[in-house]
Amino acid sequence: MSMFGHDRFNKSVNIPNPLYQSLQGRYFVGETEKIRLGKGKNAWGGLINPFNSDVDLYVNAFTITNHSNTPIVAQIWFNPEPLGNPMISKKVTPANTTLSPLPKPKVEIAFAELIDGFPKKGVNSFKRIVPPQSTLASDEDGKFIFPPCGSFVIFLVSPNNEIVKAEIAFGWFEQK
């Protein structure tokens, strides 16, 4: 066979890490219900990695949708203590729906609305402003990593006098 024969070449394919994680059944997406804030009451949505999950949480992306005519300040917190009366979202799915059985995430999306005060403990690592009637999207490429008992929380600060509605969505992967 010539030097250009088929036995001389190896195929190499580069794929983005989120796609790789999805093919492995480890990438999940989901969102909170519509959450209310305003008139001095705040709200939050976050990815909570349970103490017994046996996985690390890699935050890949998040979006915040503001349904109001007022901008919302979103504080991004690492590992705060949960506030209010958190609910667990059922709006979660693996990104790869070809697998059978479908993988189930260990990490949960939790959220709470119309709460007093601000998170305790944890670190408010950065902020974003979500313009009126829009969705702010942020790609983090899995660089925010949380062990069991860790959490990535988006805390929405109350605007002035009106009650507004928002949703927070996440894309993440989990790995032992």
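Colleague: Which residues are linked with Glu31 in a network of salt bridges?

Modeller: Glu33 and Lys91 join Glu31 in that network. This is a predicted model, where local features need pLDDT of at least 70, side-chain atom pairs count only at pLDDT 80 or more, and totals for chains, interfaces and linings use all residues. Residues are numbered from 1 along each chain as its sequence is written, and side-chain values use heavy atoms, with hydrogens and water left out.

Colleague: What is a salt bridge?

Modeller: Side chains of opposite charge can pair when their charged atoms come close. The cut-off: a side-chain nitrogen of Lys or Arg within 4 Å of a carboxyl oxygen of Asp or Glu. The whole structure holds 7 salt bridges.

Colleague: How far apart are the closest N and O atoms of lysine 91 and glutamate 31?

Modeller: They are 3.7 Å apart. Lysine 91 sits in the loop between β6 (87-88) and β7 (92-94). Glutamate 31 is in strand β1 (residues 27-31), 60 residues apart from its partner. Strands are DSSP runs of E, at least two residues, numbered from the N terminus.

Colleague: Where does lysine 176 lie, and where its partner aspartate 54?

Modeller: The two side chains meet in a salt bridge at 3.2 Å, N to O. Lysine 176 lies in the segment after β12 (163-175) and aspartate 54 in the loop between β3 and β4 (56-66), so the pair ties together parts 122 residues apart in sequence.

Colleague: Are lysine 176 and aspartate 54 buried or exposed?

Modeller: Both are exposed. Buried means under 20% relative accessible area, exposed over 50%, partly exposed in between (1.4 Å probe, protein chains only). Lysine 91 is partly exposed at 36%.

How values were computed
Helix = DSSP H or I, 4+ residues; strand = E, 2+ residues; numbered from the N terminus.
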